[in-house]
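Visitor: I would like to learn how to read some features of a model like this one. Please take them one at a time.

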Amino acid sequence: METPGPAVQGTQGAAPVWRFLITPRWLGWHVLMVLSVWGMLWLGDWQLHRALSGNGLSWAYTFEWPLFAGFAIVFWAKTIRDEFRIRRTGGAGPESAEAASAAQSLPAGLGTTQVQQPADDADDAELAKYNAYLARLNEEVKGTHGKRYGFR
Amino acid sequence: MHAAVLRYRVMAYITGVVLIVLCFVGIPLQIAGHPAVANDVGVLHGILYIIYLVCAWILSRKLALTNGQTVILLLAGTVPIMTFIVERWATRKFINPALAAAPAAEPVSR
């Protein structure tokens, strides 16, 4: 465990959020995306040459491949934007990042902030019961598909 | 969430069926010298796959899938039979848990 000081400061005290973009895993994804976009544009260009040399069917693919390349770029940009949002709201540490990504999939009002301190209002029996219920739900979610958060 | 799952499933099955027709009817006919089926179904699959991509992408965001899982979901529409396998995999591993974890967010319809 680290000292509580930087953890309380959240994102400000830790390394810049964008740092995840240059981790080996994400660099690998960037390379894959660049290669696949380049490949799709190349295929579109190939189909254009086929279309120009008389293959009428190739016109459809001439427009389809650049469209796929565009999809890839848009999807990639949105993925990175989502990742920024998850990491910003999650603060520092993998545990809070996991909690933040869990909060993304939970309905409004069922955030994991309540689950993290269930014992704070121990004198309120109803609240304690509700928090225990939330904690149980959280555990169930983690047990069934929590594994995926580790791959991010 | 329910609507996104339904859209994804409909497109997965339609795209999957068309791709099977393309690969197991169109391609053999093309090899046998009748390229018309492969040409038409090929273009049809191309158009359907675009719609599939959008539906699968939206679902992947709602399920908060990782990059790798998203790629599997999106590319399933290009491999014969794979749409059905991946649809079952996604249902078991992500869709059912997500629907079970968030029933309150959807209006109950019975």
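This is a predicted model: local features need pLDDT of at least 70, side-chain atom pairs count only at pLDDT 80 or more; totals for chains, interfaces and linings use all residues.

Visitor: What is the phi of B:Ile81?

Guide: The general idea is that most residues other than glycine have a negative phi. B:Ile81 is not a glycine, yet its phi is positive, near 70°.

Visitor: Which value does phi take at B:Ala64?

Guide: B:Ala64, again not a glycine, has a positive phi of about 55°. This residue belongs to the loop between H2 and H3 of chain B.

Visitor: Is B:Ala64 buried or exposed?

Guide: B:Ala64 is buried, because 20 other C-beta atoms lie within 10 Å, and 20 or more is the cut-off for that class. For chain B as a whole, 35% of the 110 residues are buried.

Visitor: How does a residue inside a helix read on that scale?

Guide: Take B:Leu75, which is in helix H3 of chain B. B:Leu75 has 13 other C-beta atoms within 10 Å, so it is partly exposed. Between B:Leu75 and B:Val86 there are 9.7 Å in space, C-alpha to C-alpha, for a separation of 11 residues in sequence.

Visitor: What does the secondary structure of chain B come to?

Guide: Chain B has four helices and zero strands, and its pattern along the sequence is α-α-α-α. Of the contacts in chain B with a separation of 6 or more, 62% join residues 24 or more positions apart.

Visitor: How is a pair of packed helices described?

Guide: Two numbers are used: the angle between the axes and the distance between the axes. For helix H1 (residues 2–31) of chain B and H2(B), the axes come within 8 Å and cross at roughly 155°. H1(B) is therefore roughly antiparallel to H2(B), the cut-off for that term being over 145 degrees. The crossing of H1(B) and H2(B) is left-handed. By class, their contact has 25 nonpolar, five polar and two charged residues.

Visitor: At what angle do H2 and H3 of chain B pack?

Guide: Helix H2 (residues 36–62) and helix H3 (residues 67–75) of chain B pack at about 155°, with axes 9 Å apart. H2(B) and H3(B) are therefore roughly antiparallel to each other. Their crossing is right-handed.

Visitor: Which residues of H2(B) and H3(B) meet?

Guide: From H2(B) come B:Leu53, B:Ala56, B:Trp57 and B:Ser60; from H3(B) come B:Thr70, B:Leu73 and B:Leu74. By class, this contact has five nonpolar, two polar and no charged residues.

Visitor: What is the confidence in chain A?

Guide: The pLDDT is the predictor's confidence in each residue. Chain A averages 75, and 62% of the residues score at least 70. Within chain A, helix H1 (residues 4–9) has the lowest confidence, at a mean of 44, and helix H2 (residues 24–52) the highest, at 94.

Visitor: Where in chain A is the pLDDT below 50, and how many contacts are there?

Guide: Residues 1–11 of chain A are one such stretch, with 12 contacts in the model beyond near neighbours in sequence. Residues 91–97 of chain A are also below 50, and that stretch has 14 contacts beyond near neighbours in sequence.

Note on methods
Residues are numbered from 1 along each chain as its sequence is written. Chains are lettered from A and ligands numbered from 1 in the order in which they are written. Axes are lines fitted to C-alpha atoms, for helices over the stretch in contact, and angles run from 0 to 180 degrees between N-to-C directions. Helices (H or I, at least four residues) and strands (E, at least two) are DSSP runs, numbered from the N terminus. Angles under 35 degrees count as roughly parallel, over 145 as roughly antiparallel, 65 to 115 as roughly perpendicular and the rest as oblique. A crossing is left-handed if the near helix is turned anticlockwise from the far one by less than a right angle, and right-handed if clockwise. Two residues are in contact if their C-beta atoms, placed from the backbone, lie within 7 Å. Ala, Val, Leu, Ile, Met, Phe, Trp, Tyr, Cys and Pro count as nonpolar, Asp, Glu, Lys and Arg as charged, and the others, Gly among them, as polar. A residue is buried if 20 or more other C-beta atoms lie within 10 Å of its own, exposed if 12 or fewer, and partly exposed in between; C-beta atoms are placed from the backbone. pLDDT is the predictor's confidence in each residue, from 0 to 100.
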